Amino acid sequence: MKTKTYNRIFSILSVSALSWGLSLTASHAFVTAGAGFDGGDLIRPDGVIPHTTWPSNSPGVGEGSSDVTASNLIAPSGVTNGLSAESFTATHGASGGGSLFAQWHNNGTTTGWVMFDLGAAFNLSQVHIWNGNQLSVLGRGVQQFDILTSNTPGDYAAGQENSVSWTEVLTDGILTQGTGSSTLPADSFSLGGVNARYVQIRIDSNYGDAGGYTGLSEVRLSTVIPEPSAALLGTVAAFGLLLRRRRG
Ligand SMILES: [Ca+2]
């Protein structure tokens, strides 16, 4: 009888742990650790929409529109360390000058926006941003920005960036200027655990590029560390009680 009870409790424990562990979409979950990273799972967005992207009709030195397309923010592209691990500690290479591109920059404005679809709603702990890191034009990197989030599907479309259902969760963040290093780290900013599927970076300013272009290299989000469900905690408590009874 006691063995049967044991088996049942182990079964409940297994099912509870399984449903807890799978509460995050498997394709998004990456376990990572590093300075500045507060835990949880790293999320690579499924989609990205920029307000503009620099066109290919006047390419510069070895530069075409595919070198600066917004998909370079999520590819991953240009990641020079941790590419296979998809890790927060990954670094990003420099762009331009015959070197690596793999970034996004807009079509000649110091402000603007870029929005991301995470594919599902998550409780977001942090946003991790690798700034623009384009050799000889490091002023194109984002300086001040806001983060807005939403769970309204219609918000993820050009023309909806000012929809009232976007909520500002980070105001006037300051991104570190790129140095042209081949191993640029990410800057991390808290999002306070907000539940959201859509994330918008609203650019307030850049670092003073003479041509007025502004861009970024790569963007990730991370989740809060999931709390054990009440059902699992209850099961663990019952299991402890059973052990005490057996010992008694
Ligand atoms: Ca990139």
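## Strands and their pairing

Two strands are said to pair if DSSP finds at least two bridges between them. Strands (E, at least two residues) and helices (H or I, at least four) are DSSP runs numbered from the N terminus. In this predicted model, local features need pLDDT of at least 70, side-chain atom pairs count only at pLDDT 80 or more, and totals for chains, interfaces and linings use all residues. Residues are numbered from 1 along each chain as its sequence is written.

Strand 6 and strand 9 run antiparallel and are joined by 13 bridges. Within this pairing, glutamine 126 has serine 190, in strand 9, as its bridge partner. Strand 10 also runs antiparallel to strand 6, with seven bridges joining the two; here leucine 216 in strand 10 is the bridge partner of asparagine 131. Strand 2 (residues 47-50) pairs with strand 6 in the antiparallel sense over four bridges, and valine 48 stands opposite phenylalanine 116 in strand 6.

## Overall organisation

The protein chain contains two helices and ten strands. Their order from the N terminus is α-β-β-β-β-β-β-β-β-β-β-α.

Contact between two residues means that their C-beta atoms, placed from the backbone, lie within 7 Å. Among contacts with a separation of 6 or more in the protein chain, 81% involve residues 24 or more positions apart.

## Burial and the nonpolar core

A residue counts as buried if 20 or more other C-beta atoms lie within 10 Å of its own, as exposed if 12 or fewer do, and as partly exposed in between, with C-beta atoms placed from the backbone. Of the 248 residues in the protein chain, 37% are buried.

A nonpolar core is a set of buried Ala, Val, Leu, Ile, Met, Phe, Trp, Tyr and Cys residues joined through C-beta atoms within 7 Å. The largest such core has 45 residues, and those with the most contacts inside it are Leu73, Val114, Met115, Phe116, Ile129, Val199 and Leu216. Two or more residues come from each of strand 1 (42-43), strand 6 (112-131), strand 7 (144-150), strand 9 and strand 10 (215-223). Strand 6 supplies the largest share, ten residues. Leaving aside neighbours within four places in sequence, valine 199 is in contact with Met115, Phe116, Leu118, Val127, Ile147, Thr149 and Leu221.

## Two buried loop residues

Glycine 178 belongs to the loop between strand 8 (167-174) and strand 9 (187-203). It counts as buried because it has 27 C-beta neighbours inside 10 Å. Residues up to four places away in sequence aside, glycine 178 touches Asn131, Gly132, Asn133, Leu138, Gly141 and Leu184. Its C-alpha atom is separated by 8.4 Å from that of glycine 139, which is 39 residues apart from it along the chain.

Leucine 100 lies in the loop between strand 4 (91-92) and strand 5 (104-105). This residue is buried, with 20 other C-beta atoms within 10 Å. Neighbours within four places in sequence aside, leucine 100 is in contact with Gly78, Gly93, Ala94 and Ser95. The C-alpha atoms of leucine 100 and serine 182, 82 residues apart along the chain, are 9.1 Å from each other.

## Confidence of the prediction

The predictor's confidence in each residue is given as pLDDT, from 0 to 100. The protein chain averages 80, and 71% of the residues score at least 70. Among its elements, strand 7 has the highest mean pLDDT (98) and helix 1 (residues 2-21) the lowest (39). The pLDDT is below 50 over residues 1-34, a stretch that has 37 contacts in the model beyond near neighbours in sequence.
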